[in-house]
Structure formats: C-alpha cells, structure tokens
Amino acid sequence: TPGDSITEGIGQGRVTQNLKDAPIDDALAIKDVDAVEWTFRLLHEEGFFVGASTGLNIAAAKQVAELMGPGHTIVTCLCDTGQRYYGKLYSRKVLQDRGLLDAVPEPYRRSLHD
C-alpha cells in the first residue's frame, strides 16, 4: 500500500532484491494498525518485547490460519526486538501523530513513553 509505514524495511511498497525472483505463492498486505496491535499484545500477553516486523508477522500468520482453516500448522518468526524501536514504536507521541495510538489496546498503553 502507498505511504510510509511504522514497520521499517519490510513495510515498504516494493519488492526487495532478495525476493525478486523467489517462487512466492502469495502475499498479504498487513495494516500498521494490526502490526502495532500484535506488537503490544505480544508484550503484555506473552512477555515478548518485539518490534513491528514481528507484530506484522504474527498478524499475517493469524490471517493465514484463518484463511486455511483448521488442521494446518502455520509457522512464522519473532524476527526483531523492541529495543531498537523503543524511541518510535513505543512512543505515545509518535503513535498518536501517525494515527496509531488506538491500535494499542487501552490497558497496554501504560507501556508507552511520552
């Protein structure tokens, strides 16, 4: 989708060189609101302090599982840590300025810094 994404690197509207000729069956577009929601759910419900790329992967895995239905195994990875993105992804002001504050479930907003 067009525009800037909170998910750095993989949140780009382009195909990177490492995927240029890869035999990919399909792709999903995951919205920033879903990546942010899952990032904070992972922190508060599972204890994983991750970045938005991981939140995006979990949102995509959930979507794939719903599409495929019961009886399948979906595998993804927790590919980054939240430490590198603390100043941006965990900032109340940054999320508010990007219209993403509401993506963080209300009880989990206590982990945001000002």
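**Why the labels fit**

Q: What makes Phe49 partly exposed?
A: Its relative accessibility is 34%, and the label covers values between 20% and 50%, so Phe49 counts as partly exposed. Keep in mind that this is a predicted model.

Q: Why does Phe40 count as buried?
A: Buried means under 20% relative accessible area. Phe40 comes in at 0%, so it counts as buried.

Q: Why is the pair of Phe49 and Tyr90 called tilted?
A: Two steps here. Ring centres have to lie within 6.5 Å to pair, and those of Phe49 and Tyr90 are 5.0 Å apart. Planes under 30 degrees apart would be stacked and over 60 edge-to-face; these planes are at 55°, so the pair is tilted.

Q: What makes this a link between distant parts of the chain?
A: Phe49 sits in the loop between α1 and α2 (52–68), while Tyr90 is in the loop between α3 and α4. The two residues are 41 residues apart.

Q: How many aromatic pairs does a search of the whole structure find?
A: The search turns up 3 aromatic pairs. One of them joins Phe40 and Tyr90, with 4.9 Å centre to centre and 55° between the planes.

Q: Which residues form the aromatic cluster?
A: Phe40, Phe49, Tyr86 and Tyr90 form one cluster.

Q: How do you know that Arg41 lies over the face of Trp38?
A: Part of the test is that CZ of Arg is within 6 Å of the ring centre. Arg41 is at 4.1 Å from the ring centre of Trp38, and it does lie over the face.

Q: What does Phe40 contact, leaving aside its neighbours within four places in sequence?
A: Quite a list: Leu89, Tyr90, Leu95, Val104, Pro105, Tyr108, Ser111 and Leu112. Phe40 is also one of the residues touching the most other members in the largest nonpolar core, which has 14 residues; Ile6, Val36, Leu89, Leu95 and Val104 are the others named there. Another core lies apart from it, with 9 residues, among them Leu56, Ile58, Ala59 and Ala60.

Q: Why might nonpolar side chains sit together like that?
A: In soluble globular proteins, they tend to be buried together.

Q: Arg109: buried or exposed?
A: Buried. Its relative accessible area is 15%, and the cut-off is under 20%, so the label holds for Arg109. You'll find Arg109 in the segment after α4. Leaving aside neighbours within four places in sequence, Arg109 is in contact with Arg92, Leu101, Asp102 and Val104.

Q: Why is Asn18 called exposed?
A: Exposed means over 50%. Asn18 has a relative accessible area of 64%, so exposed it is. Asn18 lies in the segment before α1 (32–46).

Q: What makes Val64 partly exposed?
A: The range runs between 20% and 50%, and Val64 has 26% relative accessibility, so it counts as partly exposed. Val64 is in helix α2. Not counting residues up to four places away in sequence, Val64 touches Leu28 and Ile74.

Q: How many helices and strands does the protein have?
A: The tally is 4 helices and 0 strands. Along the sequence, that reads α-α-α-α.

Q: How do you know that the radius of gyration agrees with a compact globule?
A: For 114 residues, a compact globule would have a radius near 13 Å; the protein has 15 Å, so the value counts as agreeing. The C-alpha atoms fill a box of roughly 45 × 35 × 20 Å along the principal axes.

Q: What share of the residues is buried?
A: Buried residues make up 35% of the 114. The accessible surface comes to about 7,500 Å², and 51% of that belongs to carbon and sulfur atoms.

Note on methods
Residues are numbered from 1 along each chain as its sequence is written. This is a predicted model: local features need pLDDT of at least 70, side-chain atom pairs count only at pLDDT 80 or more; totals for chains, interfaces and linings use all residues. Side-chain values use heavy atoms; hydrogens and water are left out. Buried means under 20% relative accessible area, exposed over 50%, partly exposed in between (1.4 Å probe, protein chains only). Rings of Phe, Tyr and Trp (its six-membered ring) pair if their centres lie within 6.5 Å; planes under 30 degrees apart count as stacked, over 60 as edge-to-face and the rest as tilted. A charge sits over a ring if NZ of Lys or CZ of Arg is within 6 Å of the ring centre and within 35 degrees of the ring normal. The radius of gyration is taken over C-alpha atoms; the globule rule is 2.2 Å times the number of residues to the power 0.38. Accessible areas come from the Shrake-Rupley method with a 1.4 Å probe; for residues, only the protein chains shown count as cover. A nonpolar core is a set of buried Ala, Val, Leu, Ile, Met, Phe, Trp, Tyr and Cys residues joined through side-chain atoms within 4.5 Å. Contact means heavy atoms within 4.5 Å.
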